[in-house]
Every structure is written in structure tokens, then in C-alpha cells.
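This report goes through one protein model in short sections. Please keep the sequence and the structure in view while reading.

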Amino acid sequence: MIRVDGLRKTYGDFPAVVGSDFEVGDGEIFGVVGPNGAGKTTTLKMLAGLVEPTEGTATIGEYDAGDAEMRRHLGFLPEESPLYEDMTARSYLRFFADLYDVPREEATRRTEDTLDRLELEHRDRRLGDMSKGMKRKVAIARSLVNDPELLIYDEPASGLDPLTTNYVLEFTRDLAERGKTVVFSAHNLYHVESVCDRVVIMNRGEIIARGTVPEIRAEHGETSYHVFTTVPVEETDVVGADVTDAVDVAADTAVDATPDTDASAGPETYRSVVADMDAVESVRSAAEKAGGEVVDIRTREPSLEDIFLDLAGRPPETRDDGKGRPVAAQADGGVETLDGDGGDRSGHARDDGGAR
């Protein structure tokens with residue numbers, strides 16, 4: 001469905017997106033995550049044909065991303081999606097259906113079906129009188145009036161209450177089950193982890209991790225084992241940790257296990273945090289020699305958020321600006337302003353929801 005090769009976008013001398021390469025398959029939910037200024041929105045707008053790449057290509061099916069015909073097969077939802085507030089939900093969606101030359105009877109059927117699935121009531125209320133969550137549902141419905149094969153959603157659940165957020169996530173899963181391809185960005189990594197088939201993590205314009213969540217966890221995360229014993233364990237290759245300690249474990253360090261206050265592990269227990277099962281066995285053996293035993297073993301796998309915070313927190317690398325000059329990458333508000341406001345294919349600000 002989507003193929004991206006060497007995609008790059010610079011604003012002046014600053015590279016907002018640097019050499020992105022990825023593919024998205026039919027019916028896949030593909031997540032793009034990263035901090036402010038990472039290049040997420042710029043990437044999505046290049047895919048949607050709203051921003052012209054400085055270098056590289058993005059192909060959507062048989063079309064180049066900049067091909068106007070491609071947009072008939074695309075539904076785009078920007079992070080900020082102003083609506084025509086004097087219209088009702090129904091009249092607004094009919095208006096966009098007319099722009100796509102959707103027959104009136106078919107447009108009505110699609111609109112009502114989509115609003116039913118989004119559980120939107122008060123469809124004849126002025127959009128200006130609707131809540132933020134209701135407006136977001138209307139904007140999502142707008143992205144579907146042309147029955148697109150590809151949906152690109154920029155922060156679809158941003159600023160919504162938990163109930164509305166859940167509707168949006170469930171609706172995203174439903175779209176994929178119906179054969180739609182969905183690409184979306186998000187700051188809430190739990191949302192990404194719960195719905196995406198694959199993910200790319202961006203930072204300072206570059207893709208720094210990619211794959212399924214289990215693949216990213218295997219490559220960039222570290223599984224740790226919390227071993228609870230009835231006696232303190234000494235002189236073993238383990239690391240003792242406080243109950244409030246994180247599991248950033250320094251391997252091969254011989255220290256005593258520390259008392260644990262977790263009542264569920266039993267009275268007077270001690271906890272050691274180790275990196276592999278060999279070390280677990282070392283703790284077990286040492287506990288038995290000291291007259292005690294292991295009473296519990298718990299596995300902790302890093303979440304996508306843990307991995308993201310680790311990767312995004314690493315120092316930036318110096319990179320080339322495309323003209324042979326080094327540029328120190330940074331993620332500041334100025335870059336995010338360009339990234340968030342985006343532009344048309346000449347670089348001027350525009351945000352119309354993708355209708356043509």
C-alpha cells in the first residue's frame with residue numbers, strides 16, 4: 001500500500017525529516033510516534049501530498065503521494081481540524097461528499113453508518129455547539145465520506161476524554177478489520193501499543209526504531225527478573241533494588257539483596273533484580289545455602305513508553321543538512337511549529353482536512 005524511500009524534508013537549513021524508509025501493508029495499522037519536533041506530522045503530510053518532499057519518494061498504491069488522483073483514495077485527519085461551525089453534522093458531511101462526487105443516496109448511507117459506529121448523537125445540532133469529542137467524531141466521519149483505502153490520522157485522540165478516546169481506538173481497529181490501511185501518530189504510547197500492528201519511533205527527524213512492539217522490545221528493551229527470597233543474598237552476581245527502584249540493572253555486580261516491602265511477596269522477603277535466568281538460579285542457590293528459599297519470581301518487560309523514553313533521551317547525533325554541512329539536531333518549539341502547522345506543496349501554511 002505505502003512505500004517510502006529516502007524521504008527528506010528541510011526547512012531552510014534545518015532537516016525536519018531525514019532519510020525515512022518504511023513500508024505499510026494493506027489492512028495494517030501503522031503507528032508513527034515521537035516527541036514534539038520529531039517529524040511525525042511532516043511525515044504524515046508528505047504521505048498525504050500536503051507537503052512536498054525535499055528528497056525521496058512516497059508511493060501510495062500505484063500513485064505518487066503528490067498525485068492529485070491519489071487523494072480520492074485517501075482520508076486525512078489533521079491534529080487540529082476546524083469545522084464549519086454554522087453547519088450541522090449531516091450538512092457538513094454531505095458537503096464533503098459532494099466535493100468527492102459521491103452520489104447523494106450513497107453519501108447518506110455512508111454518513112449514517114459511520115455516525116452510528118461512532119455513536120454520535122445530535123446529528124442536526126450546529127457544529128459550533130458540539131463538544132470537542134463530538135467534533136472529533138464528525139472530523140473522522142468526514143475522512144470516510146469518499147470510502148478511502150488509506151486513512152492518515154494525526155493524533156486522532158488528542159485532547160479527548162477517556163470514553164471518547166476508547167471509541168476512537170475501537171473504531172480504528174474496526175477500520176482495519178474492514179480492510180482499510182491506517183497510519184496514525186500519537187503521543188500516548190499506550191494507544192499505539194494497544195492498536196498498532198507495527199510502529200516506527202522518530203526523534204529529531206530520524207527513525208530510531210521500527211517493527212512490531214515485541215520486536216522493538218526485543219531489540220531495544222531489557223527483560224528483568226525480580227527474585228524474592230526469605231533471606232538476604234550475598235556475594236552473587238545480582239543487584240539488589242529498593243521496591244521503588246527502577247529496573248535499570250547493572251549486570252555482574254555483587255551486592256546484597258535489600259528488604260522488600262511488597263506484602264504480596266510474603267513477610268520478611270528480600271528482592272534481587274537480575275537480567276537472565278542463569279542469575280535467577282544463582283540467587284536460588286545462594287538463598288538455599290543461606291538457609292532460605294525463593295518465594296516468588298516476577299518478570300518485567302519494558303513497555304513501549306519505557307523504550308521510547310530511553311531512545312528519545314539519548315544525546316542527539318550531528319548530522320548532514322544535505323549540503324555537506326553538519327547540523328546539530330534538536331527538538332525545539334520552532335521545529336514543532338513547522339511540523340504541526342505544516343504547509344502546502346509550496347511550503348505555505350494550510351490545513352483543510354485534505355479535501356480537493
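## Confidence

Over residues 318-356, where pLDDT stays under 50, how many contacts beyond four places in sequence does the model have? The model has 85 such contacts for residues 318-356.

The model is predicted. For the protein chain, the mean pLDDT is 80, and 78% of the residues reach 70 or more.

## The sheet

An open sheet is formed by 6 strands, in the order β6-β7-β8-β3-β9-β10, with mixed pairing. At its edges are β6 (74-77) and β10 (206-211), each of which pairs on one side only. On average, neighbouring strands of this sheet are turned by 15° against each other, direction ignored. In general, the strands of a sheet pair through backbone hydrogen bonds, and the pairing is either parallel or antiparallel.

Strand β9 (residues 198-203) and β10 run antiparallel and are joined by 5 bridges. Ile 201 has Ala 209 in β10 as its bridge partner.

## Helices against β9 and β10

Helix α9 (residues 304-312) packs on the sheet and touches β9 and β10. The direction of α9 makes about 30° with that of β9. Helix α7 (residues 213-220) also lies across β9 and β10, and α7 runs at about 115° to β10.

## Aromatic rings

The whole structure contains 6 aromatic pairs. Why is the pair of Tyr 84 and Phe 95 edge-to-face? The ring centres of Tyr 84 and Phe 95 are 5.9 Å apart and the planes stand at 70°, so the pair counts as edge-to-face, for which the planes must be over 60 degrees apart. Tyr 84 lies in the loop between β6 and α2 (89-99), while Phe 95 is in helix α2, 11 residues apart. Tyr 84 is partly exposed, with a relative accessible area of 44%; Phe 95 is partly exposed as well, at 31%.

Tyr 92 and Phe 96 form a tilted pair, 4.9 Å centre to centre with 55° between the planes. Both residues lie in helix α2, 4 residues apart, which is about one turn of the helix. Are Tyr 92 and Phe 96 buried or exposed? Tyr 92 and Phe 96 are both buried. Tyr 84, Tyr 92, Phe 95 and Phe 96 form one aromatic cluster.

## Charges over rings

Elsewhere, the charged end of Lys 9 sits over the ring of Tyr 11, 5.4 Å from its centre.

Definitions and conventions
Residues numbered from 1 in each chain as written. Predicted model: local features only at pLDDT ≥ 70, side-chain atom pairs only at ≥ 80, totals over all residues. Heavy atoms only, no water. Pairing = 2+ DSSP bridges. Helix = DSSP H or I, 4+ residues; strand = E, 2+ residues; numbered from the N terminus. Axes fitted to C-alpha atoms, helices over the stretch in contact; angles between N-to-C directions. Contact = heavy atoms within 4.5 Å. pLDDT = per-residue confidence, 0-100. Phe/Tyr/Trp six-rings, centres within 6.5 Å; stacked < 30°, edge-to-face > 60°. Buried < 20%, exposed > 50% of the residue type's maximum accessible area, 1.4 Å probe, protein only. Lys NZ or Arg CZ within 6 Å of the ring centre and 35° of its normal.
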